[in-house]
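Here are a few notes from my read-through, jotted down point by point. Have the structure open while you go through them.

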Amino acid sequence: MERFTVEALQAAREDAAAVLNNPDVIQLMVCGGTGCHATGSIAVIDRLREEIAARDMNDKVRVVETGCNGFCAAGPIMVVHPGDIFYQRLKADDVPDIIETHIINGQPVDKHFFKDPISKKKIPAQSEIPFFAHQMPRALRNKGLIDPESIDDYIGRDGYQATAKALLEMRPEAIVEEVKASGLRGRGGAGFPAGMKWQFCQASPEAVKYVLCNADEGDPGAFMDRSILEADPHAVLEGMIIAAKAINAHQGYVYARTEYPLAIRRLGIAIEQATERGLLGDDILGSGFDFHVEIYQGAGAFVCGEETALMRSIEGRRGMPRPRPPFPAHQGLWEKPTILNNVETLANVAQIILKGGAWYASVGTETSKGTKVFALSGDVNNIGLVEVPMGTSLRQMIYDVGGGIPRKRKFKAVQLGGPSGGCVPEAYLDTPVDYEEIAKVGAIMGSGGAIVMDEKTCMVDMARFFMDFIQDESCGKCTPCREGTRRQLELLEKICDGSGEAHDLDELERLSAVIKETALCGLGQTGPNPVLSTLRYFRDEYEAHIHEGRCPAKRCVALLKFEVDVDLCTRCGMCARACPVDAIEWEKKQLARIDKEKCIECLTCYDKCKFDAID
Amino acid sequence: MSFAFRPEHPDINPDMWIQIDDIIAANRFIKGSVIAVLRRCQDVVGYLPVELMEYIAAGMNLACSDVYGVASFYALFAFEPKGRHTVKVCTGTACYVKGIKEVISRICNEYDMEEGGTSPDMRFTLEPVRCLGACGLAPVMVVNSDTHGDVSSDKVVDILHHYE
Ligand SMILES: Cc1cc2nc3c(=O)[nH]c(=O)nc-3n(C[C@H](O)[C@H](O)[C@H](O)COP(=O)(O)O)c2cc1C
Ligand code: FES
């Protein structure tokens, strides 16, 4: 394959843009992210291709398998351009009708439209669906618009223009200045200004340096980085190339979670294509600058998302963190100066170089610029990926974008920042998305997991859940984290089991303070946050467990009676139909009764009963 | 080329030994490649018997304790044989909120196994994993490489039924 010069890249951009924007061709963008794959989008794509070929329409219709569209709960998803028509929950058998009615006869098929959960109205255009209308795609600007396995599509959307500019027209100092001007802060959790990190590393005179991309995405409930890699892998590569130029590094690694096979595959294809075209490797675009990227697969250890542990892991060792300083910018991988940035951080870089730091900083708040991608999930109507400008309130995110809470239940809290973060209750929902403001209410911005919890979630159980996670993932190197988190877990289990004592809460607080103060790395230093934030806002639930032997949300099995409340039971039989082991006796218009011999205490009936009649 | 005396092992056949040798040969001079070697060898054999780790250590010119130390650190590596089908259940936050606990207890009940364990008939190994990144479909279960979203305690057995 021919290696690009700048002139050839410009010509390729024009050709590719002409294909993407050809007004005579109907473009069918079908989501090929992990979520839609699971619900059957590949069968839909195959069928589309088959039916289109059978009708001899290959030159009039283009079927594109895109990366994650973002609206995961509505998959498989297809968007038709022109018209921006959004179809959801498609099956292969829906395809012939859509082709005949919509593609051939120009009549969109409304039975597959999105139906707004509140107004019950059907909305044909993707841009008018509230879930999308409030978003501002920047890191995800190509999502749903290109085939992530085609470098031409990416080039057609101004891909590698920033690389050309950075390598041929900019000095390393100017790159750093631009990134500093953008106010871009690390999206992996801590929010450290990216430009400053690069500047430290740039200052080092060492000849060998590294650029690493953190694609470990360990926070449970977070899938932003996976989606970016699945939808737009070249954007991340460009960010790495530009970072490499800024610090003068020639080798990069992407440390990717092994649980993300599709993201790894697409990134691998992107590296191969970019290398073939001379956009990666030796003498990129004839600039004389060399940069190589390799993928390094993790092996299932949360702590390896921590920067020093990640570097140990790439070196082939146990992924244990070490104290800092020395900071990786001076001594990182193989003891050489290294910068590590998160996938989303890097995905923003090319746009900053192309459009300028001031452009990026034009949205956001005083201290938090640009946009942030969240993975909105849990008890919320519109589950998926959400990119909003900094400063958007959590309420807007959950209600306007997320469409509120399903099943007519009440909102209880939103968990931000995973095991290092905290829960934000109703009273603080107007907090804006901003590193400092979110920290003030006891959570952290984190990497972007936002899990909404309704009234049926027990907050003590949630604290126990996170502590179980932390103590399991603690690498064991430092005592406060190894032992302290285990003691905390024991206390929380005790409370959930109904044997909690009054002084347990003081003990939890005391341990939290010690662990935060003395743990070696971020895992331990932030590990007690879920306990502290639930104690702060939901102390009454802890007290109900301890003093009344009652779990208000009815989730803690040891505190439940598995009996039907005769006053509340409406004799509807929902519970009996849902019970997986037929342990509920019920006949039409009769009270339900749970047979405790057969009951496996799975809580299905508690979840299904709409009248809260099971005790 | 063989890198050390090949021990007898019931779960490693001659063909596997050839593949293992190839993996070691391709990586033995690459700094830090032991995790990748362990991963590939596990893909070949299904798990990492002690004898295999000793063999890898000899081939990579590392101490056995280093190889075992690395392998035991990462959740990906298994030291026991696995069932015919691997059932990964997501125990991430979104799946937890949406009720994966019920699904897990149903599976354990139905196939007489524990979290992390294998059913007595070697049909299933149940592996809890931390977030599969498909939270939009929570609760999520992956059987071999098929992702199943929106599973529930009543649906799960119907799904598993198809995996003999
Ligand atoms: C226990 C722990 C886990 C972490 N996991 C991740 C992760 O999965 N992904 C990530 O990007 N950063 C993670 N981080 C943050 C990284 O250490 C590091 O700050 C980040 O990757 C730097 O990139 P950024 O400045 O672009 O955010 C983790 C930190 C800790 C302490
Ligand atoms: S929490 Fe289960 S897939 Fe993310």
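1. What covers the buried residues of H1(B)? Keep in mind that this is a predicted model. The cover includes two helices of chain B, namely H2 (34–45) and H3 (50–60).

2. Now for the residues being covered. Met16(B), Trp17(B), Ile20(B), Asp21(B), Ile23(B), Ile24(B) and Asn27(B) are the buried ones in H1(B). Look down the axis of H1(B) and these buried residues fall within an arc of 160°, so they line one face of the helix. Over on the other side of H1(B), you'll find Pro14(B) and Ala26(B) exposed.

3. I also checked the length of H1(B). This helix has 14 residues (14–27), and at 1.5 Å a residue it should span 20 Å. The C-alpha atoms at its ends are 20 Å apart, so expectation and model agree.

4. On to chain A. Its domain assignment lists domain 1 (17–129), domain 2 (159–361), domain 3 (371–454), domain 4 (459–547) and domain 5 (561–615). If you want a sense of the layout, the C-alpha centres of domain 1 and domain 4 of chain A are 47 Å apart.

5. Last, ligand 1. There are 18 residues around it, and the ones that come nearest are Gly188(A), Gly218(A), Asn341(A), Asn342(A) and Thr345(A).

Technical notes. Residues numbered from 1 in each chain as written. Chains lettered and ligands numbered in written order. Predicted model: local features only at pLDDT ≥ 70, side-chain atom pairs only at ≥ 80, totals over all residues. Heavy atoms only, no water. Helix = DSSP H or I, 4+ residues; strand = E, 2+ residues; numbered from the N terminus. Expected span 1.5 Å × (residues − 1). Buried < 20%, exposed > 50% of the residue type's maximum accessible area, 1.4 Å probe, protein only. Arc of directions from axis to C-beta. Contact = heavy atoms within 4.5 Å. Domains from an automatic or database assignment. Near = heavy atom within 4 Å.
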